[in-house]
Amino acid sequence: MVLGVNFWYINGSNGNGKIKHALTYYTDWKTKNIKSGIRNTILYGAGILLVIGLTILPYFLNGHLGLWWDSVIEAPMIYANTKRNSLLTFAPLLVLIFLFLYVTTRKKLIDFKNTSIQLIALVSLAAYVSFIKGGRLNGHYLIQLYPMLLILVGITMHQSSFTTNKTQKKLLAVLLLLIPLESFIEYTKVIKNKIEKGTFYNGEGIEVANYIKENHINFENILFTEYHIGYWLLNTNPPTKAATLPSNICRSELFPYSQNLKRTTLEEIKYILEVKNHKSL
């Protein structure tokens, strides 16, 4: 929630931007500007409730409020409390974040007395705590963390450019190029695919679906155990709700929240392969 309401923008001139947060009500309370704090809290709270309400709307219009509760509230809570990763999995990145905050504080590269900076640091740590509570740290989860951390990194690099020597400046320049390295790799793959195959769409999920269509293979009864984007590309449905995301077939604890009467993964697989007679791919 802290991350969700943390809309921010930078304005100003002459390079001296001021980060304005949707969490400015924190400052209002801190300075005892109670009326402003209450007003801003209500406005930001209304925004959160509006987003939640919009997710409910399709279910409500189709008379499936219970399904919304099961799939959006209950299922994620069950998911977060099963098959948790070891706490040691989270340690390296957490140590790196604290080391960064410690060094920038000691070197006085970031003014942590500034309320806006405090809030950015708080949101960054809150996002990471949510990963620990959820029990998993998948790579794509980090998109919740990077935007806030990059603001602090950007401030640090801006301050360092006036206080470091030429060698350190060169290292900072190299670091700037390395930060989006994964994106560069993906761009290279996309361009290479365009040159070799004439399309920007790349990856095994795309290629498998194209191969099936080009060779007129019957995909009426098909089960993707990976790259499930194939269902969409072939304009066909997965055999069961659990099979929509293949790994969910192995998460029997989630079956009750998708109106699935099967009790075990084995039952689900037997139903798909024997009763529905789907072919695995």
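Tutor: A pocket here is an open set of grid points where a 1.4 Å probe fits, with protein on both sides within 12 Å along at least five of seven lines. The model is predicted.

Student: OK, how much space lies in the largest pocket?

Tutor: About 1000 Å³.

Student: What's the lining like by class?

Tutor: The lining has 20 nonpolar, six polar and two charged residues.

Student: Switching to packing. At what angle do α4 and α6 pack?

Tutor: About 35°, with the axes of α4 and α6 12 Å apart. Their crossing is left-handed.

Student: Which residues meet there?

Tutor: From α4, I97, F100, L101 and T104; from α6, L149, L152, V153 and T156. That contact divides into six nonpolar, two polar and no charged residues.

Student: What about α4 and α5, how are they packed?

Tutor: Helix α4 (residues 91-106) and helix α5 (residues 115-134) pack at about 165°, with axes 12 Å apart. Angles over 145 degrees count as roughly antiparallel, so α4 and α5 are roughly antiparallel to each other.

Student: Is that crossing left-handed or right-handed?

Tutor: The crossing of α4 and α5 is left-handed.

Student: And what meets what?

Tutor: L93, L94, I97 and F98 of α4 meet L125, Y128 and I132 of α5. By class, the α4 contact with α5 has seven nonpolar, no polar and no charged residues.

Note on methods: Residues numbered from 1 in each chain as written. Predicted model: local features only at pLDDT ≥ 70, side-chain atom pairs only at ≥ 80, totals over all residues. Heavy atoms only, no water. Axes fitted to C-alpha atoms, helices over the stretch in contact; angles between N-to-C directions. Helix = DSSP H or I, 4+ residues; strand = E, 2+ residues; numbered from the N terminus. Parallel < 35°, antiparallel > 145°, perpendicular 65-115°, else oblique. Left-handed = near helix turned anticlockwise from the far one by under 90°. Contact = heavy atoms within 4.5 Å. Nonpolar A, V, L, I, M, F, W, Y, C, P; charged D, E, K, R; others polar. 1 Å grid on protein atoms, 1.4 Å probe; cavity = no way out; pocket = protein on both sides within 12 Å on 5 of 7 lines; lining within 4 Å. Points joined across faces, edges and corners; volume = space filled by probe spheres on them.
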